[in-house]
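Here is a short briefing on one protein model. Look over the sequence and the fold, then read the points below.

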Amino acid sequence: MPHVINRARSPLLHFAQARLSPRLPYHSMTQKASPRITTPHRDHSASSDVAKSNWLITKLSRDGRIREARQVFDEMPERDVVTWTTVITAYVKSGMLEEARSLFDRADAVKNVITWTALVGGYIRLRRLEEAEMLFYQMPVRNVVSWNTMIDGYARSRRVDEALELFERMPERNVVSWNTVLTALAQCGRIEEARRLFGLMPERDVISWTAMVAGLSRNGRVDEAREVFDRMPRRNVVSWNAMVTGYAQNGRLEEALELFERMPERDMPSWNTMVTGFIQNGDLERAWELFVQMPQKNVISWTTMITGYVQDGRNEEALMIFSKMVVDNGARPNEGTFVSILSACSNLAGLCEGRQIHQMIIKTVYQECVHLVSALINMYSKCGELVSARKMFEDGSTIHRDYISWNGMIAAYAHHGCGTEAINLYNEMRQLGFKPDDVTYVGLLSACSHAGLVAEGLNLFDELLKDGSIRVREDHYTCLVDLCGRAGRLKEAFDVLEKLGTNQSASNWGALLAGCIDHHNMDTGKLAAEKLLNEGPDDAGSYSLLWNFFARSGNWREAAKMRIKMKEKGLKKQPGCSWIEVGNMVHVFVVGDKSHCQSQLIYSALYGRINMTWEFQQRSTVGAPEFSGDWHSIKSKKLMNNFAPEAVLVRLVYRS
């Protein structure tokens, strides 16, 4: 029997808002080292005064006090190449590339190969590869670090052929050169070329071996990766992590765990890898056990667990984990954490918790992140706060809006059946120069379908077909069939699917069957049911739809077969769920639930209310409460068990 969950509005999130400071570092499980900008022959300042000023500029730059460092630079009567390089490099590391370039281009600038390489690296870091390329070829002198920096830029942009070409042209190479190209080949799936390059290497270090282990694992060749791992002359913790990750990503969890337990030392990525592996393979309980054992946890550890619980539908527990995370001083939520926990709030329609988390986000550097804005729009929409969702959308400046924000707001309107508003927003989107994508059209067609805007929906679909740049997906056709089906235009919907030929899908026929059930068209419905069965559906929703159709048409034998198939496939339709908040306590109910501590009182009040309404309806039909169904049947205990009790009670109370 489904059980009831009584959850109090936890005050745990309230105090968390004060604990979040604007400085929230972002942590990553994997870190790729860029070529270091160094040279065997460092320049030294001839003048002691210049050397002192250079030391001060270096110290201020390392402390992030760039403006003060620049002030010292400007006040220096004499400067050397170290001075210029230090300030330009400081600007580059701070992401202030325009300031760096302005200083670099000055007529009196003194530059060497380190200065040039630093600026090339700065452009690459900001993904401005064309400018980096242009600067690289303008360099009067290049060293091996300069070449490595440019090759790394191509590799990061997945322009592997250009990286290889530049590698071949290098006058001299070091192990970093080989490792950069080796890693690029392995990451883009060109594993045989990577193996050949690995075999040609004159010198290999632990990074070379680890890159091969990771590359083979990523391409599903785990046993070969293990052979390379076992041959390694020296391993570090990253090497062990790469092999453990390989096993985990390929579903071989027992081997991953066995290797994890043998590790001579473990760092946080080691633990995070195993936790992620268990979650990705559906073993949330073991992931939690390992998570609890972790000596230290970072933001990735917490976010991984929260995401795992949200994906498993255990949203209440995800919220509790988030609350514990906020209490933990060692980790602060990042953008990914907030997106995951807002999904939990959306799934629970937890407006109170969602608003608290929104308040936390406002106090962080992530408040203008487009993914978070979209998650907030979705949360407010799912909680029924469409005005707040639109306010979130409007608060973001037009410059910061992207497809995620536009599509999120259109989807929110679709969710609430506001077709006209969705179309108006779409028109505004086009006027501002945004071209709709495939997701935009799914939202628009869904909005038109729910709002009954058939003509508008058909026009939009024609517009989609005429736009050759967007691939028309299965979802688009499903929305079109649903649009026609809801409007009773079942023949048109059927003709659309017939024209698709072999591209028909279970979701297409399911949409048509739903329309046939709604409009009692059993002839077309029979054809749709046959087609749906031929597609071999593997979801509970399709089988429930088929059961409903056969039951409506009186074919109880076929209806029973659908139930049997569901049981054989281990499919179970999620029962209906509803909740009410009373005295700061949320009471959750499911269909036929009697596990609530006050269930007897609830059912007693419900039966009394139904009897009273029935007697009233017998006396007069004027002003009777709205309730669909057979009142004689609803009084029977058997049918009563098909309702979430408080939902029926609330409906009767507020409609009478």
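**Overall picture**

Of the protein's 656 residues, 47% count as buried (under 20% relative accessible area, with a 1.4 Å probe and protein chains only). The model is predicted: local features need pLDDT of at least 70, side-chain atom pairs count only at pLDDT 80 or more, and totals for chains, interfaces and linings use all residues. Residues are numbered from 1 along each chain as its sequence is written, and side-chain values use heavy atoms, leaving out hydrogens and water.

**Fold**

- The protein has 37 helices and three strands (DSSP runs: H or I of at least four residues for helices, E of at least two for strands).
- Take contacts (heavy atoms within 4.5 Å) between residues at least 6 apart in sequence: 60% join residues at least 24 apart.

**Helices H31 and H32**

- H31 spans residues 522-534 and H32 spans residues 540-552.
- Their axes (lines fitted to C-alpha atoms over the stretch in contact) come within 11 Å and cross at roughly 145° (angles run from 0 to 180 degrees between N-to-C directions).
- From H31, the contact includes Met522, Lys526 and Leu533. From H32, it includes Leu546, Phe549 and Arg552.
- By class, this contact of H31 with H32 has seven nonpolar, two polar and two charged residues (Ala, Val, Leu, Ile, Met, Phe, Trp, Tyr, Cys and Pro are nonpolar; Asp, Glu, Lys and Arg are charged; the others, Gly among them, are polar).

Notes. Buried means under 20% relative accessible area, exposed over 50%, partly exposed in between (1.4 Å probe, protein chains only).
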